[in-house]
Amino acid sequence: MVANQREHTALLVDPETRQELAKVTVGVNGHEVAVSPDSRFAYVPIYGNSGVGKPGTDGATIDVIDLHDRKLTATIDLGKPLRPHRAEFGPDGLLYVTAELAKAVDVIDPATRKVIAEIPTGAIESHMIVISPSGKRAYTANVAAGSVSVLDLEQRSLVTVIPVAKTVQRISISPDGKRVFTHDQDTPRIAVIDTTTNNVASWISLPSTVYSSLPTADGRKLLASSPSGKIFVIDLANAKLDESFDIPAALGELLLTPDGKFAFVSCPQAGTIEVLDVRGHKLLQPIKLTQGVDGLAWASAIP
């Protein structure tokens, strides 16, 4: 699944044939997309017509797409302007959505399509969220606050806010949940947060700033995409750059196939999804779509 924020659409794409299978119109604008664990529904938070921290409209809904019928089937009303951005399913089956204007994360029951709780993040521009494998903790990247918030999902409360840099973008978590990664937007480095101490434990220095990252399935490498037009492959054992690949300016998202063999990188300006053969150490032919491609999610088996 691909959210295209310029066209106000969500796309269903076959990564093997590189063909667009369906295009569904959604609200203005959907930046991100999440797919239910059974791959039946896709959820597109409707952010508004601006970028993070910029003036514009304030979205208050989440559009729900039926992937079987390939059409918009419902809209979840969040009840107030929130600029909802990133949505993630927890192991508990609930949907967690960043709600920037509330400095919070909304908790949604997908069965009733209702907001059942709001967890404060204690910071402005809580833009992205990752959830620990246990489902007990969540972490948000707070863009202009330059911090990461730690949330207790069981108690639905704020644990702490970790200062990182002047400005950060996006966030990822290791498969074992022991490390969280976020990206300094002023200095070319990645913060490595120890989730036991909730402190920045170390930094990974790189040739240019990074927008998004994602650990490989075995947790040994970190893939990172850069607005400079690079995919970096980092060895996490020694925090060193292993290799890099040339791509268009990457201001989008990273996604791994469930088997970890391939990584996809959305490049909104180029309108492509770049494809990296992780184990083969090479770029493959990109998926060519249209400008605005951004959020990515995997639908592993469409009913």
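This note walks through a predicted model point by point, from the whole chain down to single residues.

1. **How to read the model.** Because the model is predicted, local features need pLDDT of at least 70 and side-chain atom pairs count only at pLDDT 80 or more, while totals for chains, interfaces and linings use all residues. Residues are numbered from 1 along each chain as its sequence is written, and side-chain values use heavy atoms, with hydrogens and water left out.

2. **The overall fold.** Start with the secondary structure: the protein chain has 0 helices and 28 strands. Here helices (H or I, at least four residues) and strands (E, at least two) are DSSP runs, numbered from the N terminus. The radius of gyration is 18 Å, close to the 19 Å from the globule rule for 303 residues, so the chain is as compact as a globular protein of that length. That radius is taken over C-alpha atoms, and the rule is 2.2 Å times the number of residues to the power 0.38. Along its principal axes, the C-alpha trace spans about 45 × 45 × 35 Å.

3. Of the 303 residues in the protein chain, 55% are buried. Buried means under 20% relative accessible area, exposed means over 50%, and partly exposed lies in between (1.4 Å probe, protein chains only). Contacts tell you about the chain too: among those with a separation of 6 or more, 40% are between residues 24 or more positions apart. A contact means heavy atoms within 4.5 Å.

4. Take a look at strand β16 (residues 168–173), where you will find Arg 170. Its relative accessibility is 5%, so Arg 170 counts as buried. Its side chain makes a polar contact of 2.9 Å with the side chain of Glu 32, and another of 3.4 Å with the side chain of Asp 294. A polar contact is a pair of N or O atoms within 3.5 Å; within protein, one must be able to donate a hydrogen and the other to accept it, and residues adjacent in sequence count only if both atoms are side-chain atoms. Leaving out residues up to four places away in sequence, Arg 170 also touches others, including Met 128, Phe 181, His 183, Tyr 211 and Glu 253.

5. **Gly 295, meeting Glu 32 again.** Gly 295 sits in strand β28 (residues 293–296) and, at 0% relative accessibility, counts as buried. Which distances separate Gly 295 and Glu 32 in sequence and in space? They are 263 residues apart in sequence, yet 4.1 Å apart in space, C-alpha to C-alpha. Residues up to four places away aside, Gly 295 touches Met 1, Val 2, Ala 3, His 31, Glu 32, Val 33 and Glu 253.

6. **Thr 140.** This residue belongs to strand β13 (residues 137–142). Thr 140 counts as buried, with 0% relative accessibility. Beyond its neighbours within four places in sequence, the contacts of Thr 140 include Thr 98, Val 105, Met 128, Ser 147 and Ile 171.

7. Rolling a probe the size of a water molecule over the atoms shows where empty space is left. The structure holds 1 cavity of 30 Å³ or more, and the largest cavity has a volume of about 40 Å³. On a 1 Å grid over the protein atoms alone, a cavity is a set of points where a 1.4 Å probe fits but cannot get out, and lining residues have an atom within 4 Å of a point. Grid points are joined across faces, edges and corners, and the volume is the space filled by probe spheres set on the points. The lining has 8 nonpolar, no polar and 2 charged residues. In this scheme Ala, Val, Leu, Ile, Met, Phe, Trp, Tyr, Cys and Pro count as nonpolar, Asp, Glu, Lys and Arg as charged, and the others, Gly among them, as polar. β2 gives the most to the lining, with 3 residues.

8. **Backbone details to check.** The peptide bond from Val 28 to Asn 29 is cis, with omega near -20°, and Asn 29 lies in the loop between β3 and β4 (34–35). Ser 39 has a positive phi of about 60° although it is not a glycine; at 2% relative accessibility, Ser 39 counts as buried.

Conventions. 1 Å grid on protein atoms, 1.4 Å probe; cavity = no way out; pocket = protein on both sides within 12 Å on 5 of 7 lines; lining within 4 Å.
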